[in-house]
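These are my notebook entries on one protein model. I set down in turn what I looked up and what I found.

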Amino acid sequence: MATSEPTPQTLLLLDGHSLAYRAFYALPVENFSTTTGQHTNAVFGFTSMLVNVLRDEKPSHVAVCFDRSEPTFRHTAYSEYKAGRVKTPDEFRSQVQLICEMLDALKITHLSVSGFEADDLIATLATRASAQDMRTLIVTGDRDAFQLVDENVTVLYPVKGVSVLARMDPEAVTAKYGVPPARYRELAALVGETSDNLPGVPGVGPKTAAKWLLAHDGLDNLVAQVDKIKGKAGDNLREHLGQVLRNQQINKLDCDVPLEADPAALNIGEWDRQEIQSLLDTLEFRGELRERLFNTLSEHAGDEAAESGEGFTVELTRITEGGLSAWLDAHGREGRTGVAVSGRWGRGTGELTAVALASPAGAAVHFDPALLSPEDERAFTGWLADPSAPKAMHDAKGPTLALAARGLTLAGLTSDTALACYLVAPDQRSYELGEQVLRFLHKELREEAEQTGQLTLDGADEDTAAQDLAVRARAVVDLAAELDAELERRGADRLLHELELPLIDILSRMERAGIAIDHDHLAGLSASLGGQAKEVEQGAFDAVGHEFNLGSPKQVQQVLFDELGLPKTKRTKTGYTTDSEALTGLLEKSAHPVLERILRWREVAKLKSMVDSLIPLADETGRIHTTFNQTVAATGRLSSTDPNVQNIPARTEEGRQIRAAFTVGEGYDCLLTADYSQIELRIMAHLSGDEALIEAFVSGADFHTITAAKVFGLEPEQITHELRSKIKAMNYGLAYGLSEYGLSQQLRITPAEARALKEGYFEVFGGVRDYLASVVAEARGDGYTSTILGRRRYLPDLNSDNRQRREMAERMALNAPIQGSAADIIKVAMIRIDSALREAGLKSRMLLQVHDELIFEVCSEELEVLKELVRTEMDGAYRLRAPLAVAMGTGRTWYDAAH
């Protein structure tokens, strides 16, 4: 019986620098960067291209070759080799190292050799591979590699960024250039290569060069018969023959580089999913790329466990006409039950379309709560509200709105896997279930199963939808178990159970309550701001003599720098920057009236946009329902959306007028506001243990005045507004990791003056200096910072070789313990207050949390009791050495309740 020939192994070789450069210029740098400011467009593009090639070509062996900074033998032969190339962009430099880190995580070999270019390494490996009967695929943007193409070697050449690769085999090279690959080096010698600064023969293009080479059977014969070449082209060839021969020598790739690597040893190693996940998190690469990467790696390794839905076995029962009560009796208390729901929620309400429950053993049930029998509805209502029946959900707060809309209460929640993932890795941009299942369980959910509360059955197969929701519930069970151990290992289990989980119900009730809005006030404010905007706009037109769009950066650039000839600001890809900071600095230099009007117009337009966005958010009862987010801010602070109440301005009178639209609702007497006074500074004093700083708080006098008096060696009554402002900026700047340059910009002083101010401050408050230094040093050693309650923020960039990334991480390390501790304390206060309100039986309720402030709606005759309750619980949230101080105010509106 005849035996088939074995399939030859395939070696994939990639030109690292060439492809990284193409990725860098193919993707906009401003759209790809981490929260630490590290640019990642080249890394993203290179990784995406690599994944595609691995997926499409399925090579058995892989290596990536890089250039080195040292001169090569080509520079020795021709000193002008590659001269005149544009300087490598700063945004690109640090990304090469990140690409190498990615390759290390993927267990893909990367090589470089001093004195040789990446193409030489590729040529050497391709030659050795052919000798070992291996096929070679070369991915490069350097056409010199075409000389290597033969029956065993194919070049994949990028023709659109790095997303489209042309397959250049012998036939393709010949068709494009008119000569076979073996003659390509000779053709390039005649035509020249601009990127390498190798000039060709003037007036000779690829077609002429190919005709000559074919007619004379190669360059050697062409040179031997050069006198026979007629016309101007022949004259040019003879005149530039020396440089053609030089080009031919320089273009030749070295196929004998001293490499220890053998093609047979370049197989992909056993990659570690957790290591890759960690790097992807650091780079903040989400979604589709991550999914493609793991799918491709799993296919390469023959890992069937990562296929969609594999490993989440469920025995599904669909409830249509009874049976839920029996299922709950049999499975609802045999361990923690996973709960997954589909429907819609937001703006304080919601609607359920389906519920799935899954036990750790794999039993699962699916039902539409609107179709339950009375017996099943009673059973489900009781089980859901039973605190002794442990449950796990993913991102539970939204679904609680939909549950509440049906009169259902959720209790017994022992894990919210979105919150648990957030505590483990607080810097992620997304906590979707599919990503976390992939990260921690090394499994995948089908696209249909990866929903975030918006799953509908309209037009879909109902059985498939039910199965997907059940798989989601089972995935939550397994993920919760994995995260329990991870949280305990990191010391974050108490944060989940004592802080974040209790807040779910509190925030849900706050969202359902909402806050009343005065529509007429907003409408009047919008009209007033609109009139001001037009007036300021006309003033800008008058200042320059014609109309232009104040909201267009391009038109503003033309007016300021082209027409008016004002001093140039910082150069960006789209021209000279016209952001507010730049224009404020420009106004100080030139005082041109149009600058003041542009800045004023932006301020008014921003306020009007904010006002106009609030008006349609009110429901039929005239109340606005924001959505609070627990997993957005890495420091632990709450954020909010639709509207973002954290952004309602408080510093200017016009901004505060927006707060006047937030008013007490029907059936209540007034609003009460309560906030922590200077909590970040008190936490800094507490953490640093600086006695002088603590004394300034304990004295009861104005904190900034007292600290200014100590720094400047004056009596408090001698401190001017200017001196107080400088120290106030220093106090808060240190708490927020403000650099000396940032301080100088804020105070409009020179960096030298800012440095002197900081040194003078540290002479008095040495404990603060020592604390700040120790925070960074400890975080660099531990890899994370901690709040007073143990909330960690992981900062791997503290040890980065990239100065920009490292300095950004250092500022985060200074700020995270202080701002994070403030976030922890107000969360504790909210939980204490909520419990005390219930215990006291008060009808007054908590409506909003904004930074360090809480806003309450007060019932008749409960004001004094509520004020005492709130003060007691906020004061007692944590004992600081610089005691917490609570300021309060009351009024019909948020504006009136200011204090």
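Entry 1: I listed the buried residues of α26 as I679, E680, L681, R682, I683, M684, A685, H686 and S688. Just after α26 I noted G689, which takes a positive phi of about 65 degrees. I record here that the model is predicted.

**Entry 2: the whole protein.** I then looked up the overall figures. I found 34 helices and 27 strands in the protein. The C-alpha trace spans about 110 × 80 × 55 Å along its principal axes. Of the 899 residues, 54% are buried. I also looked up the contacts between residues at least 6 apart in sequence, and 70% of these join residues at least 24 apart.

**Entry 3: strand β26.** I asked how many residues of β26 are buried. Six of the six residues, 853–858, are buried, so the strand is largely enclosed by the rest of the structure.

β22 and β26 run antiparallel and are joined by six bridges. Within that pairing, I noted that T673 stands opposite I855 of β26. β25 also pairs with β26 in the antiparallel sense, over five bridges. There I noted E857 in β26 as the bridge partner of R845. β25 and β26 form a hairpin with two residues between them. In the turn, H851 has a positive phi of about 60 degrees.

**Entry 4: the largest pocket.** I looked up the volume of the largest pocket and recorded about 2200 Å³. Its lining comprises 50 residues, and those closest to the centre are P649, A650, R651, R659 and H851.

I then asked which elements give two or more residues to the lining. They are α24 (593–614), α25 (653–659), β22 (670–676), α26 (679–688), α29 (721–735), α30 (740–747), α33 (803–840) and β25 (845–850). α26, the helix of my opening entry, is among them, as are β22 and β25, each of which pairs with β26. The element that gives the most is α29, with six residues. By class, I recorded 23 nonpolar, 16 polar and eleven charged residues in the lining.

**Entry 5: a histidine in a loop.** I turned to H394, which I located in the loop between β13 (391–393) and α16 (397–405). Is H394 buried or exposed? Its relative accessible area is 8%, and H394 therefore counts as buried, the cut-off being under 20%.

I looked up the polar contacts of H394. The side chains of H394 and T417 are joined by a polar contact of 2.6 Å. The H394 side chain also reaches the backbone nitrogen of A418, at 3.4 Å. Leaving out residues up to four places away in sequence, I listed what H394 touches: D416, T417, A418, Y431, E432, L433, Q436, R472 and V476. T417 and A418, the partners noted above, are both in this list.

Terms used
Residues are numbered from 1 along each chain as its sequence is written. Side-chain values use heavy atoms; hydrogens and water are left out. On a 1 Å grid over the protein atoms alone, a cavity is a set of points where a 1.4 Å probe fits but cannot get out, and a pocket is an open set with protein on both sides within 12 Å along at least five of seven lines; lining residues have an atom within 4 Å of a point. Grid points are joined across faces, edges and corners, and a volume is the space filled by probe spheres set on the points. Helices (H or I, at least four residues) and strands (E, at least two) are DSSP runs, numbered from the N terminus. Ala, Val, Leu, Ile, Met, Phe, Trp, Tyr, Cys and Pro count as nonpolar, Asp, Glu, Lys and Arg as charged, and the others, Gly among them, as polar. Buried means under 20% relative accessible area, exposed over 50%, partly exposed in between (1.4 Å probe, protein chains only). A polar contact is a pair of N or O atoms within 3.5 Å; within protein, one must be able to donate a hydrogen and the other to accept it, and residues adjacent in sequence count only if both atoms are side-chain atoms. Contact means heavy atoms within 4.5 Å. Two strands pair if DSSP finds at least two bridges between them.
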